[in-house]
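This report looks at how the parts of one protein chain pack together and at what is left on its surface. Please keep the model below in view while reading.

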Amino acid sequence: MLKGKNATIYVKKQTRDGKYSIYHAYVNDDYSDKYIYYTFELKSSEQTNSTKQQYWVEKILLNTQFQKNSAQ
């Protein structure tokens, strides 16, 4: 679980056949019932650094921002 700006992020990583890393993530807005579901499938290779992939996915998720409802 990660904590973003006004959002809680749940991430699950799985590896398929040792060739692909699949990330499933829910980003919940802390101030409403809105959420976004992300799925990333990244091809693994000897040249691809797993730490860089993890950083890239987390950077996208942590920068998710929900639009404020103008009615509130």
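## The buried side of the helix

Gln53, Val57 and Leu61 are the buried residues of H1, where buried means under 20% relative accessible area, exposed over 50% and partly exposed in between, with a 1.4 Å probe and protein chains only. Seen down the axis of H1, these buried residues fall within an arc of 65 degrees, so they line one face of the helix; the arc is that of the directions from the helix axis to the C-beta atoms. What covers the buried residues of H1 includes strand S2 (7-16), strand S3 (20-29) and S4, contact being defined as heavy atoms within 4.5 Å.

The face of H1 turned away from this buried side carries the exposed residues Thr51, Lys52 and Tyr55. H1 itself runs over residues 50-62, and its 13 residues reach 18 Å from the first C-alpha to the last, close to the 18 Å expected at 1.5 Å a residue; the expected span is 1.5 Å times one less than the number of residues.

## Basis of the model

The model is predicted, and local features need pLDDT of at least 70, side-chain atom pairs count only at pLDDT 80 or more, while totals for chains, interfaces and linings use all residues. Residues are numbered from 1 along each chain as its sequence is written, and side-chain values use heavy atoms, with hydrogens and water left out.

## Overall arrangement

The protein has one helix and four strands, which follow the pattern β-β-β-β-α along the sequence; helices (H or I, at least four residues) and strands (E, at least two) are DSSP runs numbered from the N terminus. Of the 72 residues in the protein, 25% are buried. Among contacts between residues at least 6 apart in sequence, 33% join residues at least 24 apart.

## Tyrosines at the surface

Tyr10, Tyr26, Tyr35 and Tyr37 form a nonpolar patch on the surface, with about 460 Å² of accessible area together. Patches are made of residues with over 30% relative accessible area and no salt bridge, like charges being joined within 9 Å and nonpolar side chains (Val, Leu, Ile, Met, Phe, Trp, Tyr) within 5 Å; a salt bridge is a side-chain nitrogen of Lys or Arg within 4 Å of a carboxyl oxygen of Asp or Glu. Areas come from the Shrake-Rupley method with a 1.4 Å probe, and for residues only the protein chains shown count as cover. Tyr35 lies in strand S4 (residues 35-43) and is exposed, with a relative accessible area of 53%.

Tyr31, found in the loop between S3 and S4, is exposed at a relative accessible area of 63%.
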